Structure formats: C-alpha cells, structure tokens
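Hi there,

Here is the structure I promised to pass on. Have a look at it first, and then read on for what turned up in it.

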Amino acid sequence: MTFSDIFKSSFLENITSVSILDMVIALVLAFGIGTFIFFVYKKTYSGVMYSSGFGVTLIALTMITTLVILAVTSNVVLSLGMVGALSIVRFRTAIKEPLDIAFLFWSIAVGIVLAAGMIPLAVIGSVVIGVVLLVFVNRKSCTNPYIAVVSCADHESELKAKEFLDKQTKRCTVKSKTARKGSVEINYEIRLKDDNTDFINILSEMNGVESAVLVSYNGEYMG
C-alpha cells in the first residue's frame, strides 16, 4: 500500500461521476417542465378547494426525481441500494381528486426521462400531455348531472313541477322524496339541454312551488 492509497477515498471519486454541466441542465429543465405542470394543474383544477401546496409539490417532485435518477444512472451499486432504500418508504397522504394522481405520475415520469438524457421526449411529451389536459378537463358539457331540489305545497304542484322539468331538460329522474304535512321536497337528477338555467326561476314562481334550487353534482360533492 502506497502513501497515496492511504488518502484515496471512493467517496471523493464519486464527485466527478456526474458533471456540473449535466446537473445544471437537468435541474433547470426539471424546474421549467415542473413549472409547466404546475400551470396546467392550476388551469385544470376543478375540485372544491384549490391547494397551492400541491402545485409546488409537483415542481419539487420533478426536480427530486431528476436528482435521484441522475445518481442512480451514474453508479450501478448505488442504484441497487437506492431501490432497497426507497422500497421501505410509505406515503399515506390521501389523494382527494383522481386527476391529481395523473399529475403526480407526470412529474415523476418527467424527472426519470430528463435524468436519462431524453430531453426531447420530456419536453414534447409534456407539451402534448398539457394540451390534452387543458382541452378535455376544461371542456364544459351541458350533459353534466345536476340536482334540482324542489319544495312543493301539495301533490298537485309536485306533478306540475315534474311535468315542467321533463319539458325543460333532457332527462329528469327522482332521486329522493321527503313528504311532510303541508309540504313535499323532491330531489331530481337532471341533464340540461344547454347552459341556460332560467327554467329554475320560472319553476320557483309556479303556484304551489315554495322553492327550487339547482346545484351541480359530480358524484362526490354538490356545489
């Protein structure tokens, strides 16, 4: 063993395994595409309460994934240890919106592809995915389900309200009915013919109709 072998360190040898230029390019691109993902998420969000923290997480996740994959691709032994270390990590944060899962996988996939050096695939793929999400998620359809809550004074006014809704909507189905002495409350699931909701105003002014409320419904919440 020579004098230089005493001070030789495998840890210091790994410093140059990834060049500074590669690090800067990968992390800058990860930040840029992560910001684009955050922009698409912000524009397409349709949940109850928007969380800016989740949007920032998408940027950080893209950069962190890039950082990890850069380390893995530079050292085969490290990649085996990294797989073992990450296999014990458990994430228990509840995902409230199904679309959020797509954004999480998008961020992770971009980080992996960038670190692998496939920059055109990461950039072009992200642009295509972003355009598809902006077009389809923001697309408003008059066939979305709505709930009409109608309070009537008697059975006769209930029949008139149902007949009126059948004419004004594509489909009208009774979801629930609550009868009390002197009043009847019915919940209808309806499909609109167009974006015009003025028929609710007319319905509320009909004789025997005490109130009429229209709310959007997506299967999880009303608002």
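How many helices and strands does the secondary structure of the protein chain come to? The chain has 9 helices and 4 strands, where helices (H or I, at least four residues) and strands (E, at least two) are DSSP runs, numbered from the N terminus. Read from the N terminus, the order of elements is α-α-α-α-α-α-α-β-α-β-β-α-β.

Before the details, two notes on how to read this. This is a predicted model, in which local features need pLDDT of at least 70 and side-chain atom pairs count only at pLDDT 80 or more, while totals for chains, interfaces and linings use all residues. Residues are numbered from 1 along each chain as its sequence is written, and side-chain values use heavy atoms, with hydrogens and water left out.

Of the 223 residues in the protein chain, 27% are buried; buried means under 20% relative accessible area, exposed means over 50%, and partly exposed is in between (1.4 Å probe, protein chains only). As for contacts (heavy atoms within 4.5 Å), 70% of those between residues at least 6 apart in sequence join residues at least 24 apart.

Helix 7 and its partners

Let me start with helix 7 (residues 119-137). Its axis and that of helix 3 (residues 20-44) come within 9 Å and cross at roughly 5 degrees. Axes here are lines fitted to C-alpha atoms, for helices over the stretch in contact, and angles run from 0 to 180 degrees between N-to-C directions. That makes helix 3 roughly parallel to helix 7; angles under 35 degrees count as roughly parallel, over 145 as roughly antiparallel, 65 to 115 as roughly perpendicular and the rest as oblique. Helix 3 contributes Ile-25, Leu-29, Ile-33, Phe-36, Val-40, Lys-43 and Thr-44 to the contact, and among the residues from helix 7 are Ala-122, Val-123, Ser-126 and Gly-130. The contact residues of this pair divide into 12 nonpolar, 3 polar and 1 charged. In this grouping Ala, Val, Leu, Ile, Met, Phe, Trp, Tyr, Cys and Pro are nonpolar, Asp, Glu, Lys and Arg are charged, and the others, Gly among them, are polar.

Helix 6 (residues 98-115) also has its axis within 9 Å of that of helix 7, with a crossing angle of roughly 165 degrees. Helix 6 and helix 7 are therefore roughly antiparallel to each other. From helix 6 the contact includes Leu-99, Phe-103 and Trp-106, and from helix 7 it includes Ile-119, Leu-121 and Ile-129.

Ile-119 belongs to helix 7 and is partly exposed, at 32% relative accessibility. Beyond its neighbours within four places in sequence, Ile-119 is in contact with Ile-25, Leu-29 and Leu-114. Between Ile-119 and Ile-25 there are 94 residues in sequence and 9.9 Å in space, C-alpha to C-alpha.

Salt bridges

Side chains of opposite charge can pair when their charged atoms come close. Counting a salt bridge as a side-chain nitrogen of Lys or Arg within 4 Å of a carboxyl oxygen of Asp or Glu, the model has 7 salt bridges.

One of them joins Lys-160 and Glu-156, at 3.7 Å from N to O. Both residues lie in helix 8 (residues 155-168), 4 residues apart, about one turn of the helix. Lys-160 is partly exposed at 41% relative accessibility, and Glu-156 is exposed at 53%.

Another joins Arg-171 and Glu-189, whose closest N and O atoms are 3.8 Å apart. This pair links distant parts of the chain, with Arg-171 in strand 2 (residues 169-180) and Glu-189 in strand 3 (residues 183-192), 18 residues apart. Arg-171 is partly exposed at 42%, whereas Glu-189 is buried at 13%. Glu-189 also forms a salt bridge with Arg-191, at 2.8 Å between the closest N and O atoms, and Arg-191 is buried at 19%. Arg-171, Lys-175, Glu-189 and Arg-191 are linked in a network of salt bridges.

A buried serine

Back in helix 8, you will find Ser-157, which is buried with a relative accessible area of 4%. Leaving aside its neighbours within four places in sequence, Ser-157 touches Cys-152, Asn-207, Gly-208 and Val-209.

Best wishes
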